[in-house]
Amino acid sequence: MTTPPTSAKPYHAKPVLERWLETALFRSRWLMAPFYVGLILALAGLVIVFFNEAWHELSQITTMSPEEAILMALSLIDLSLAGNLLLIVTFSGYENFVSKIDTGDDEDRPSWMGTVDFSGLKMKLIASIVAISGIALLRAFMRLSENEPIPDRTLAWLVGIHLTFVVSGVMLALMDLLASKTDKH
């Protein structure tokens, strides 16, 4: 039996300059780490904003109308979704582009960690943005139901932006679907 010739050169057979360049390129992924640290700092800031908002809103809970209570809940949900989005982007981005996070056998490790690829990350990102946009739109409609004046132009922008996010999400999903059905190079 003969083995077929391979076109790939062994690593050690490459010229020194090429090996050095490839090593430098591979290690440059660590330049992304400060971005993920910055996202964690943003998440910490979001926690502070969340508690500030919760304290402010909950201190008035006894005088709230049902609509105001719903708006309060929507505001807190909005902040929660933004926090989830930051966490997903941080973990997935770090694991996809920098290094795997070694948590050992920690039972609290989220099941999605290490399994969300770039395509999945895009879909989670656009889904979160659509949800956040939908909550902003719902909040505006709730204010309208309380006879609070909201300019038609503002409502039109909210609807237009939300529809743009929805259409973008559908287009991204269709592109991923088409890409999954094509032969990989």
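Author: Let us begin with His162, which is found in helix α5. This is a predicted model, in which local features need pLDDT of at least 70, side-chain atom pairs count only at pLDDT 80 or more, and totals for chains, interfaces and linings use all residues. Residues are numbered from 1 along each chain as its sequence is written, and side-chain values use heavy atoms, with hydrogens and water left out.

Reader: What makes a stretch a helix here, and how many helices does the protein chain have?
Author: Helices are DSSP runs of H or I with at least four residues, strands are runs of E with at least two, and both are numbered from the N terminus. By that rule the protein chain has 5 helices and 0 strands, in the order α-α-α-α-α along the sequence.

Reader: How do you know whether the protein chain is a compact globule or more spread out?
Author: Its radius of gyration is 24 Å, well over the 16 Å that the globule rule gives for 185 residues, so the protein chain is more spread out than a compact globule. The radius is taken over C-alpha atoms, and the rule is 2.2 Å times the number of residues to the power 0.38. Along the principal axes, the C-alpha atoms fill a box of roughly 85 × 35 × 30 Å.

Reader: Why is His162 called buried?
Author: Buried means under 20% relative accessible area, exposed means over 50%, and partly exposed is in between (1.4 Å probe, protein chains only). His162 has 15% relative accessibility, so it counts as buried. Leaving aside residues up to four places away in sequence, His162 touches Val130, Ser133, Gly134 and Leu137; a contact means heavy atoms within 4.5 Å.

Reader: And what is Leu163 called, buried or partly exposed?
Author: Leu163 is placed in helix α5 (residues 152-181). Its relative accessibility is 48%, so Leu163 counts as partly exposed. Of the 185 residues of the protein chain, 22% count as buried.

Reader: Which parts does the salt bridge of Arg139 and Asp78 tie together?
Author: The closest N and O atoms of Arg139 and Asp78 are 3.1 Å apart. Arg139 lies in helix α4 (residues 118-145) and Asp78 in helix α3 (residues 66-97), so the pair ties together parts that are 61 residues apart in sequence. Arg139 and Asp78 are both buried.

Reader: Where do Asp176 and Lys122 lie?
Author: These two form a salt bridge as well, with the closest N and O atoms 3.5 Å apart. Asp176 lies in helix α5 and Lys122 in helix α4, so this pair ties together parts that are 54 residues apart in sequence. Asp176 has 17% relative accessibility and counts as buried, whereas Lys122, with 26%, is partly exposed.

Methods. A salt bridge is a side-chain nitrogen of Lys or Arg within 4 Å of a carboxyl oxygen of Asp or Glu.
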